[in-house]
Structure formats: structure tokens, C-alpha cells
There are 2 protein chains.
Amino acid sequence: MSQGLIRVGIVGYGNIGKGVEKAVVAARDMELSAIFTRRDPALLKPKHSEAQILSIREAEKMVGKIDALALCGSSAADLMTQGPQFAALFNTVDCFDTHAKIPGYLAAVDAVAKNTTAIVSSGWDPGLFSMIRAFSEAVLPDGASYTFWGRGVSQGHSDAIRQIEGVRDAVQYTVPIESAIEAARSSERPELGARQRHLRECYVVTNPGADTEEIESKIKSMPDYFADYDTSVTFIDHDEFVAKHSKMPHGGMVLRSGATGENSQAIEFSLRLGSNPEFTGSVMAAYARAAFRMASEGNFGAKTVFDIPLAYLSEKDRGALIKELL
Amino acid sequence: MSQGLIRVGIVGYGNIGKGVEKAVVAARDMELSAIFTRRDPALLKPKHSEAQILSIREAEKMVGKIDALALCGSSAADLMTQGPQFAALFNTVDCFDTHAKIPGYLAAVDAVAKNTTAIVSSGWDPGLFSMIRAFSEAVLPDGASYTFWGRGVSQGHSDAIRQIEGVRDAVQYTVPIESAIEAARSSERPELGARQRHLRECYVVTNPGADTEEIESKIKSMPDYFADYDTSVTFIDHDEFVAKHSKMPHGGMVLRSGATGENSQAIEFSLRLGSNPEFTGSVMAAYARAAFRMASEGNFGAKTVFDIPLAYLSEKDRGALIKELL
């Protein structure tokens with residue numbers, strides 16, 4: 001360990017895990033201690049570092065050698081168990097994003113984080129977007145908030161298409177509708193339903209002999225995922241898929257359209273992300289720093305982005321922040 | 001006092017003081033206790049409330065009856081003395097905005113805020129813009145930040161024009177240059193000087209017989225204020241001035257143009273304000289709530305927007321914030 005560096009570990013080495021790795025390696029005040037995987041560690045080579053790869057079963061041995069652990073598994077499959085499991089042993093940060101389950105997850109993590117600090121649901125939504133929604137509402141209580149996502153890949157919707165028989169690969173872009181953004185920007189505070197706010201664009205590669213008409217119909221009628229939206233389906237070949245749809249761009253915006261009496265006031269926050277998992281990993285790295293610092297001050301338990309002073313996120317000390325950025 | 005309401009006082013009843021008053025009256029969890037003025041209280045009638053008007057010399061008598069005091073005097077003339085004076089007695093919030101003097105002011109306030117919480121430099125810049133600059137830099141350390149102001153009235157620049165002989169009234173709009181915003185949005189990270197980022201538009205009413213050519217020349221050559229900018233001067237009559245230039249709109253944006261390795265990532269935050277002082281007052285009211293809450297927990301001293309968890313700003317409790325906005 002280099003003197004004074006924050007020692008970060010990563011659990012789960014998918015796209016987000018690689019994003020955290022890249023951010024930690026780039027940070028001047030952090031070092032990457034270990035990457036934990038459920039796979040055979042011998043088969044895994046880190047993409048952005050020379051970090052040691054350990055079996056997830058060996059994590060407990062690293063207690064005292066890691067200052068903050070970034071949990072990069074999936075919200076659906078991994079975090080409900082991994083969150084409480086690791087928060088009992090380490091300071092943690094995650095981007096748990098199953099919205100309806102956040103309060104229960106937070107409580108489960110808080111129950112075990114007696115001597116650790118566990119930051120749940122960081123990232124950009126939940127995360128930065130949540131922060132904007134919270135302070136925008138606080139400073140403009142008379143108003144309406146709108147969130148738009150995209151244009152960007154929704155992993156959940158892409159996965160749903162891949163479950164259909166005859167589909168070899170698929171990607172789904174969530175696309176905000178420009179006229180809805182304009183309506184939200186006006187001072188009219190319109191009510192905008194799901195179909196009015198977003199389109200769904202699907203690019204699908206089929207197996208030989210697949211019935212494309214049937215696949216298109218199955219996608220468009222799929223409840224929850226597509227039935228409530230205007231959805232377009234475009235069939236493409238594998239080469240075009242690899243060439244044009246391998247990146248993971250995303251973005252979105254939060255708008256607050258409000259007023260103080262007769263005067264309109266508007267707040268707008270937007271992200272244009274060349275790589276969604278790398279940006280999410282970068283946000284998680286900043287919150288890993290915060291988790292370590294809060295734990296160092298004995299401020300233990302499960303925390304959200306609403307509980308954390310911004311100064312804890314920055315590599316700079318408070319004096320420099322005040323001088324340079326206030 | 002209604003049970004449980006946060007009792008807010010206002011010191012200084014100019015545009016910002018009126019903005020705080022309007023926000024406090026609209027807030028469900030606050031009530032306005034008193035407005036303190038240096039003028040004769042009998043001559044002052046509150047604009048948005050029935051609040052009692054007291055002489056600023058009577059403030060000490062209100063200790064224990066006010067939960068947070070919004071200091072709405074000018075940074076140049078009042079706050080350097082009023083900030084420490086009142087922070088010794090009350091929880092306070094201000095929008096001190098003389099950037100170079102913030103560290104000294106903060107230290108002076110902190111020295112006396114032993115049993116009070118004093119939030120300095122809230123508002124939108126410094127304030128919300130500072131928060132965006134801080135977290136954007138923390139989550140995208142490889143990048144460049146840009147701040148644009150306007151289109152909006154700069155009180156300081158308007159005052160400077162009014163000092164010129166022959167000028168009856170004047171207003172100066174700071175105008176961001178669209179091509180500079182576009183350059184900042186690109187991933188090129190250009191260096192943009194003062195003249196490249198903002199124009200200055202001046203509307204001037206003269207006294208009868210004034211030499212407009214000389215006034216225009218004096219404005220355009222004024223060091224610090226105008227000489228480093230492309231400045232336009234338009235002479236108008238008093239009626240047009242009242243009709244078109246009595247509102248105080250403002251706004252601006254903070255951009256962070258960054259990258260994670262080869263992938264561009266961009267963050268953008270903007271405000272479009274129908275009334276600058278009312279929005280500033282609204283932000284101060286939210287921070288008055290935070291000051292009271294932090295003091296209730298014994299978290300005393302001088303604080304900045306970097307030190308305050310966002311949950312303290314909201315009228316909602318933490319559980320509701322997590323459920324509704326995370």
C-alpha cells in the first residue's frame with residue numbers, strides 16, 4: 001500500500017466493475033486493492049489495471065486491507081444478498097437501482113453496518129439525478145419535476161428482447177421525445193404519461209429462419225416493457241450490430257419547472273454520456289471516497305446521496321473547494 | 001408561534017429580503033417572525049406578509065424567538081460586520097458573494113458561531129452553481145468546467161454606470177455568447193477568456209443635456225467592469241426603461257466537459273430565472289431550514305453548501321425523500 005491512498009476493492013467484474021476500476025486507477029488518492037469474482041480468478045485478467053483477482057469467497061480475509069468496496073453486481077440478482085453481506089465487513093458503495101426495493105434494501109444494509117459506512121444507490125439515477133430532484137424541489141417548492149432518460153441503451157429492455165425465440169442479439173434505446181421536453185420546459189407544468197415522454201427503438205439480430213414479423217409483434221406487445229410505448233423494431237445483421245451498437249452511450253435530464261408567485265423559475269440538469277457504465281463507475285469511485293471518509297469519522301450506517309455533504313466526494317480538501325469552487 | 005414551525009427572521013429588506021419573505025410565507029413548515037431594518041420601522045410595510053418590523057438594534061431581544069435569521073444586506077457594505085455580529089446570537093444564512101473574501105468571511109463567522117449554525121454564501125452563485133462545480137469535478141476529474149451567467153442584470157455593473165455624470169438610470173445585462181457555450185459543450189475543452197464568454201448590454205437613461213457620446217465612451221473604457229468585454233450602450237427614455245427593464249431576470253449555466261479515457265462525458269446545469277432575487281431568497285429559505293436543523297443536532301459553526309447533506313434542505317423527511325425522489 002502506498003502511503004495515504006484509499007484502498008478500493010471491487011466485487012463483480014462486469015461493465016460497471018470495469019468502470020470503477022478505470023476511475024480508481026485514474027484517481028490520484030486511490031489504489032485498487034483487489035477485484036473479487038465468482039468465476040475462476042485464474043481465468044480473469046483485469047482490463048485497466050494489474051490488480052489481484054480473488055475469489056469472492058476470499059473477501060473476508062481482506063478485512064482491514066480495503067478501505068471501501070464497490071459492489072458492482074446486479075440489483076436484481078446479487079445486491080439484495082451481497083449488500084448486507086459485505087456491509088457487515090467493509091465500507092461499501094453500490095448503485096442499487098430497483099427503485100421500489102430501495103427502502104427495504106437500505107434497511108437491510110443499515111442493520112448490519114454497525115462499524116462501517118455503506119452508501120447505497122449511488123450512480124446517476126438513482127444518484128446525481130436524485131440529488132437534483134431533491135434540491136430543486138427544496139428551493140422551488142411550487143413546481144413540477146420531470147425526468148427524461150436517453151438517448152441510451154436500457155440493459156433490462158435489451159435483455160427482454162433477447163429472451164424471445166429466434167433472437168440472436170438485441171439492443172434497445174430509450175429515446176426522450178423532444179416535444180415532451182419542450183412542454184416540460186414551458187411553465188405549463190403538463191402531465192406527461194409514459195408514452196408521451198419516451199420512445200423505444202429496438203435493433204434486433206435474428207437467427208437464420210426466424211419469423212421477423214412474429215418477433216416484432218412479440219416485442220411491441222410485451223407488457224411493462226414495450227406495450228405502453230411507441231416502439232420501433234429494426235432488423236439488422238450481426239456485422240452492423242457489432243459496428244454500430246456496441247457502445248453504451250446514455251444520458252438524460254431532470255427539469256424542474258416552477259415559480260415564485262408570478263415569476264417563472266426553471267432548473268435543468270443534463271448528462272450526455274459516451275459510456276454509461278464508465279460514468280456510473282466514476283460516480284461510485286467518488287462515493288467510495290466519501291464512504292471511507294465518513295467511516296473514518298465514525299459516521300457509520302447505510303447512507304444515500306441525500307445524507308452526504310458534497311465535500312466528502314472531492315479529492316480536494318474543504319479549504320481548496322471553498323477557494324476554487326464556491 | 002404555531003407549533004413546530006421554523007421561525008425565520010430577515011435582516012435587511014431590499015430585493016433579496018423580499019424574496020426570502022415570499023419564500024418563507026409560502027413554505028408550509030416556516031413562519032416569518034420579524035423583519036429587521038436600519039430604517040424607521042414605522043415607515044416600512046412588508047410586501048408579502050404581516051410580519052412585524054423591528055429596528056435592527058432590537059435584534060438581540062429576539063434571541064430564543066427566532067430559529068434562523070436570513071441576512072439580506074449587501075456583501076460589500078453590510079455582511080462583513082453583520083455576519084459575525086448575528087452569527088454570535090442566531091443561526092444564520094446569507095448569500096455573501098464577494099468571491100475573494102469568502103475564506104476570510106467564513107473564518108470570521110466561524111469564530112463566533114460557537115452555539116449557532118451559520119450558512120454562508122448560499123444562493124445560486126455562489127451556492128447551487130458551486131455545488132454542481134464540486135460534484136461534477138469529483139465524478140469527472142478528467143475534464144474542464146465552465147460557468148456562464150445570464151442573460152441577466154448585474155447589479156454591480158448597473159451601479160457602476162449610474163456613477164457616471166449625466167446618467168439618470170441604467171441597467172446592465174450580462175449576456176453569454178452562444179458560440180462560447182457551444183465550444184464549451186464540445187469535447188475540445190477550449191480556454192475561453194472573459195471577452196469570449198460574455199457580452200455586456202447597457203441601457204441608459206440620461207439627464208437632459210447630457211453628452212451621450214462621452215457617457216458611452218466612459219462606460220466602454222471603464223476598467224474591470226467593461227474594458228475587457230464587448231459592450232453595447234443603448235440610450236432610452238425613462239418610460240421605456242420602466243416598461244422594459246424593471247424586471248430582474250437572470251440565469252446561467254455550469255458545464256463540465258470531461259472524459260473517462262476515450263469516452264466523452266458531459267454534465268450541464270442551467271437556471272432560467274424570472275426573478276433573480278426571488279430565486280435567491282427561495283434558496284436562502286431552504287438553507288435557513290438546514291441551519292436550524294443542523295443547530296438542533298448540535299452541528300454548530302460556519303458552513304458552506306459543501307458541508308450540508310441535501311436532506312437538510314427539504315421540507316420532506318428522509319424516508320419520504322428516499323421513497324419519492326431517490
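The area buried between chain B and chain A comes to about 5500 Å², and carbon and sulfur atoms give 60% of it; buried area here is the accessible area (1.4 Å probe) that two parts lose on being put together, summed over both. B:Arg272, B:Phe306 and B:Leu326 supply 15% of the area that chain B buries against chain A, more than any other three residues. In terms of contacts (heavy atoms within 4.5 Å), 63 residues of chain B meet 63 residues of chain A. The model is predicted, so that local features need pLDDT of at least 70 and side-chain atom pairs count only at pLDDT 80 or more, while totals for chains, interfaces and linings use all residues. Residues are numbered from 1 along each chain as its sequence is written, chains are lettered from A and ligands numbered from 1 in the order in which they are written, and side-chain values use heavy atoms, with hydrogens and water left out.

Polar interactions come next. Between chain B and chain A there are 42 residue pairs in polar contact, both residues at pLDDT 80 or more (a pair of N or O atoms within 3.5 Å; within protein, one must be able to donate a hydrogen and the other to accept it, and residues adjacent in sequence count only if both atoms are side-chain atoms). Eight salt bridges are found across this interface, a salt bridge being a side-chain nitrogen of Lys or Arg within 4 Å of a carboxyl oxygen of Asp or Glu. One of them links B:Glu268 to A:Arg272, at 3.3 Å from N to O.

Strand 13 of chain B, with 11 residues, gives the most to the side of chain B that touches chain A; helices (H or I, at least four residues) and strands (E, at least two) are DSSP runs, numbered from the N terminus. Strand 13 (residues 263-273) of chain A pairs with strand 13 of chain B in the antiparallel sense over nine bridges, where pairing requires that DSSP finds at least two bridges between two strands. Within this pairing, A:Glu268 stands opposite B:Ser270.

Some backbone details deserve a look as well. A cis peptide bond joins A:Asp125 and A:Pro126, with omega about 0 degrees, and another joins B:Asp125 and B:Pro126, with omega about 5 degrees. B:Pro126 lies in the loop between strand 6 (117-119) and helix 4 of chain B. That loop also holds B:Ser121, a non-glycine residue with a positive phi of about 60 degrees. B:Ser121 is buried, at 0% relative accessibility, whereas B:Asp224 is exposed at 65% (buried means under 20% relative accessible area, exposed over 50%, partly exposed in between; 1.4 Å probe, protein chains only).
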